[in-house]
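Please read them with the structure open beside you.

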Amino acid sequence: MDDFDSSKYFLGTLCKRGHRYNDTNFSLRCLSGKEECCVCVKEYRKEWYLKNKEHVKEHKKEWYLKNKEHVKEHSKEWNLKNKEHAKEHSKKWYLKNKEHAKEHSKKWYLKNKEHKKEYRKKWYLKNKEHAKEHRLTNMKMRWTDELTIMMREGEKELERLTLLKPSHTKGV
Ligand SMILES: [Zn+2]
């Protein structure tokens with residue numbers, strides 16, 4: 001036999017529709033209200049719904065059409081009220097937690113700063129040799145570049161001097 005919640009139900013006399021509880025000669029009845037058979041109540045509800053389905057729908061629709069404007073107005077009002085309330089609430093929260101939030105972000109920054117420093121240090125140690133090599137190459141390249149520029153400038157200077165020579169000037 002299945003257990004039933006004895007705080008809500010009890011086994012009463014067999015109902016009009018003869019809904020037996022398992023194989024007993026009793027019906028499971030609700031302790032509350034009219035102590036009706038549970039299965040009957042379910043059936044009644046279903047029957048009523050099926051019978052009144054269209055009517056309920058129609059009624060709901062009618063109610064909605066009748067109260068449409070009111071509902072709209074009401075929800076608008078509610079939204080506005082709620083918006084102000086939410087704003088007020090977040091403002092209050094901010095003021096209350098301002099110091100805390102500040103402190104928190106400061107702590108986060110400090111913690112992160114250390115972490116970043118640590119990370120950079122670790123990266124450097126790991127890539128020290130590589131970084132050195134890289135820097136050296138960079139320096140060499142820069143030096144070569146500078147030399148090239150100097151040489152070019154020297155050539156230009158030489159060219160200018162050559163052009164200034166009277167033998168190369170064209171008569172005006
Ligand atoms: Zn019944």
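1. Is Glu-35 buried or exposed, or does it fall in between? Glu-35 is partly exposed, because 13 other C-beta atoms lie within 10 Å; a residue is called buried if 20 or more other C-beta atoms, placed from the backbone, lie within 10 Å of its own, exposed if 12 or fewer, and partly exposed in between. Glu-35 sits in the loop between S2 and H1, and its phi is near 55°, a positive value in a residue other than glycine.

2. A word on the basis of these notes. This is a predicted model, in which local features need pLDDT of at least 70 and side-chain atom pairs count only at pLDDT 80 or more, while totals for chains, interfaces and linings use all residues. Residues are numbered from 1 along each chain as its sequence is written.

3. The protein contains one helix and two strands, arranged along the sequence in the pattern β-β-α; helices (H or I, at least four residues) and strands (E, at least two) are DSSP runs, numbered from the N terminus. The radius of gyration, taken over C-alpha atoms, is 46 Å, whereas a compact globule of 172 residues would have one near 16 Å, by the rule of 2.2 Å times the number of residues to the power 0.38. The C-alpha trace spans about 135 × 50 × 40 Å along its principal axes, and buried residues make up 3% of the 172 residues.

4. Helix H1 (residues 38–164) deserves a careful look. H1 has 127 residues, yet its end C-alpha atoms are only 120 Å apart, short of the 189 Å that a straight helix would reach at 1.5 Å a residue; that expected span is 1.5 Å times one less than the number of residues. H1 bends by about 70° at Asn-127, the bend being the angle between axes fitted to the seven residues ending there and the seven starting there.

5. Leaving aside residues up to four places away in sequence, Cys-38 touches Tyr-9, Leu-28, Arg-29 and Cys-30, where contact requires C-beta atoms, placed from the backbone, to lie within 7 Å.

6. The domain assignment, which is automatic or taken from a database, gives domain 1 (1–36) and domain 2 (37–155). Their C-alpha centres lie 54 Å apart, and the contact takes nine residues from domain 1 and five residues from domain 2. On the side of domain 1 that touches domain 2, the largest share, four residues, comes from strand S2 (residues 26–30).

7. Asn-22 is found in the loop between strand S1 (9–13) and S2. Although Asn-22 is not a glycine, it has a positive phi of about 50°. Asn-22 counts as exposed because it has 10 C-beta neighbours inside 10 Å.

Note on methods
Contact = placed C-beta atoms within 7 Å.
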